[in-house]
Amino acid sequence: MELQGLIVGASSAANNTAVLLRESFPTWIIHHASNFTRAQEILHKESPSYLAFILLCLSEGDVADEIMMPLLVGRQFTRSIVLTGEKNLTGAQNLIDQGRLDLVMFEDISDERLRSDMENQVNRYCQRANLPMFEEDERESFVFALPGSDDEIMDMIVAGVDECLGYQPRIVLPPGVRITREGTIAEEAMLCLSGQVSLERESHAGNVLMHHASTGRIIGLLSLTDQRTSFFTSRTTTEVTGIRLTFEQLNHVITTRPEIELLIVVLLIRSLDRRLRRAEDIQLEKVELTARLESEQRELQETYRALEEARAELMSQARFATLGELASGIAHEVNNPIAAITRTSDHLHEDIGELMSHLGKGSETAQAALNSALTSAPLSTREARRLKKTYGDMTGDPERASRLILAGVDEGTLSRVPRGRTDLLDIIESSASLGTGLRNLKSASTRINSLVDSLRSYARPDGDPLADIDINVNIDDTLRLLSHRLKTIEISRDYGDIGPITCHPAQLSQVWTNLLTNAADAVTDSGTGALTITTSKLDENWVRVTIEDNGSGIPPELLEHIFEPRFTTKSGRVQFGMGLGLTIAKNIVERHSGRISLDSYPTGTVATVDLPREGP
C-alpha cells in the first residue's frame, strides 16, 4: 500500500510545498502538476489507488471550485486542501457546500505547522478509508471531548473543590425547594451530585416547566458569568444532594486548579448542547404542530363549506318539493281547459271540412289544401328554396309562393290548379291558412299537454311516459312555440331522415327549448343572428342533433363551468342566479343515456346532443 498525494499549482509556494513534503514524508509518493490539465493527466495515467490528498496552491485568478471539484469526482475519501496567499478566500462555496473542503492554509504557515497539518489530514484519510496504517491510539481528539460521563466528571470537580477549599458539606434538599429564583441576583452556584432539578419560567399562561434534560449539573453557573439576575427558577423535583459555592470560592478553585476549569466548561457545554437540541426539537414539533393545525383548519373549512352546500341543497330540495305540489295543482287546473281546446280544434276541423264541401267546384281543392297544411312535414332550408322557385313559376307571384310554402301547401295540391286561376289560388291559400292555424292550435295544445305532463313528472317520481317520436317534428314544434323569441333570427334547418327514436318527448322539448333560448340570447345583440339546426344519424343506433349560432362565443375559462348549476353568462356577464337551463338539459340527456357537449369559438357556439335510438 502506497499513500500518494497531488500538489497542483505553478507558484513558488507550490514548488516549496512539494519539496518540503517530499523531504518530510519520504514514504509518500508526491505528484506535482503545474496546472489543471497536467493534474488530470497524472490522475488518469498513475491512477493512484490510495490518493490521500489533493493540495491546490492558488495563483492569482484561480478559482478553487473550478479546479478542485472535477479532480475530486469519484474520490470519496481524498482530502481536499487549499493553500492561498489571499487573506480572504472566495470561489470555494461549492467545495464547502458539498463537504469537500477539508483544510485551508495561508502561505505564511510555518514548515512545522504545515507538516503537522498534513500529517493530520493523511491520518484522517486513513481513518475514513479504514486503512491498516491508521492507529486508534494516535487519534487526536477535541480538547472538550473528554471521556467519561457527567457523574464521573462531577466526581473529579468535587474532588478538586474539596482539595482546594477543604471538605464542603453536602446539602440534602427535599422536593419542591427553589435553588435559584427568577429575577433575583445570582451569587452562588450549586453542584448537583444526585437528584433532579427542573427549570421554570413565568409567562402570561402561567409557569412554564422546562425539560429535566436541559437543566445541567451546575445550577446558576450561567448567571454567575456576569452576576446577572437568574433567568429561571430552579426547583428540586426529587431529593437532591449538592454542594453550594459562592462565585469567590469558584474563582479560587479555578485559579488554583486550572484543570477544574476545563471540567466545568465540558459540563457546561454538554448542558448547553442538550438544551439547544431540546430547543430545536421543540421548534420542529412546533412547526409540525402548526402544519398539522393548518391542515386540520383547512379540513374544517372544507367540512364547513360542505355543510353549507348541504344546507343550501336541503333548502333547494324543500323549495322544489313545494314547487312540486304547486306544479301538481297547476297541472290539474290547466288540464281541463286544454282538453276543451283540443276538442274544439277537432270540431273546428270537422266543421271547416263540412263547410268546404259546399263550395262547389273549389271544395275539393280547398279540402286538399286544408289537409296538406294539417299534415305538412318540416322542410329543410334547401327544400324550401327549391319550392319557392317552383311555386313562383306556377303562380307567377313570388310573394304568394312564399305564403303558400309557409302555409304548408304541398306541390301535388298546387299542381292541380290551372294557370291563371287566381280564384282557386285564393281558396288554396285561405284553406291552407286555416289548416296551419288548426295545426298550430293542435301543436300548442299538445305542447301545453306536454308541459302539464312535465309538471307532473317533476311532482311524481315515475316521470314522463316513453314514446316513439320523430325528432325533426319535435324540434319543429319547439321552434313554433318559441317563434316570439326567434322572430328576428334567421333559422336554417338541415334535417336528415333519421326515423323515430324512443324518448320522453316533453323532456326532449325542454332540452331544445333551453338550447335554442341560450343560442338566441347569444346572437340577439348582433342584429344579424342566425341559427343552424342539423339532425343526422351517427349509425344505426345513435342520432345527433346540433344547434349552431353565430354569436361571439364563450371564453375558454368559462366553458368548463357552463353546465354547473346557477352559472350563466347571459347579458355578457357571469352571474350566479337561476342559470339552470343547461344543467337541466344535461341531466335530461344523461337520463336518456345520451351525451351533450358545447364547443365554442370566436365565430359562434355549437351544442351537440347524441341520443341512443332505443331510448333510456
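User: Why is D150 called buried?

Analyst: Buried means under 20% relative accessible area, exposed means over 50%, and partly exposed lies in between, with a 1.4 Å probe and protein chains only. D150 has a relative accessible area of 14%, so D150 is buried. The model is a predicted one: local features need pLDDT of at least 70, side-chain atom pairs count only at pLDDT 80 or more, and totals for chains, interfaces and linings use all residues. Residues are numbered from 1 along each chain as its sequence is written, and side-chain values use heavy atoms, with hydrogens and water left out.

User: What makes the contact of D150 and R270 a salt bridge?

Analyst: A salt bridge needs a side-chain nitrogen of Lys or Arg within 4 Å of a carboxyl oxygen of Asp or Glu. For D150 and R270 the N to O distance is 2.9 Å. That meets the rule. D150 sits in helix α6 and R270 in helix α9 (residues 258-356), 120 residues apart, so the pair links distant parts of the chain. R270 has a relative accessible area of 21%, so R270 is partly exposed. Salt bridges that share partners join D150, R270 and R274 into one network. By this rule the count comes to 18 salt bridges.

User: What makes residues 150-165 helix α6?

Analyst: Helices are DSSP runs of H or I with at least four residues, strands are runs of E with at least two, and both are numbered from the N terminus. Helix α6 has 16 residues. The expected span is 1.5 Å times one less than the number of residues. Helix α6 reaches 22 Å from its first C-alpha to its last, close to the 22 Å expected. Buried residues in α6 include I153, M154, I157 and V161. Just after α6, G166 takes a positive phi of about 85°.

User: Why are D117 and R113 said to be about one helical turn apart?

Analyst: D117 and R113 are four residues apart in helix α5 (residues 111-129), and therefore about one helical turn separates them. An α-helix has 3.6 residues a turn, so residues three or four places apart point the same way. The side chains of D117 and R113 meet in a salt bridge, at 2.8 Å from N to O. D117 is at 15% relative accessibility, so D117 counts as buried. R113 has 40%, so R113 is partly exposed.

User: How do you know that β1 and β2 pair?

Analyst: Two strands pair if DSSP finds at least two bridges between them. Strand β1 (residues 4-8) and β2 have five bridges, in the parallel sense. G5 stands opposite I30 in β2. Helix α1 (residues 12-24) packs on the sheet and touches β1, β2, β3 (51-57) and β4 (79-84). Its direction makes about 170° with that of β2. Axes here are lines fitted to C-alpha atoms, for helices over the stretch in contact, and angles run from 0 to 180 degrees between N-to-C directions.

User: Why are β2 and β5 at the edges?

Analyst: The open sheet has five strands in the order β2-β1-β3-β4-β5, with parallel pairing. β2 (29-33) and β5 (103-106) each have a single partner strand, so one side of each is left without a neighbour in the sheet.

User: How do you know that F231 is in contact with R201?

Analyst: Contact means heavy atoms within 4.5 Å. Leaving aside neighbours within four places in sequence, F231 is in contact with E182, R201 and S223. F231 lies in the loop between α7 (221-224) and β12 (233-236). F231 has a relative accessible area of 48%, so F231 is partly exposed. R201 and E182 also meet in a salt bridge, at 3.2 Å from N to O.

User: What makes a set of residues a nonpolar core?

Analyst: A nonpolar core is a set of buried Ala, Val, Leu, Ile, Met, Phe, Trp, Tyr and Cys residues joined through side-chain atoms within 4.5 Å. The largest has 37 residues, and I471, W512, L515 and L611 have the most contacts inside it. Helix α17 (505-524) is one of the elements that give two or more residues. The largest share, eight residues, comes from α17. W512 is in contact with residues including I471, V545 and L611. Apart from this core lies another, of 24 residues, among them L3, I7, F53 and C57.
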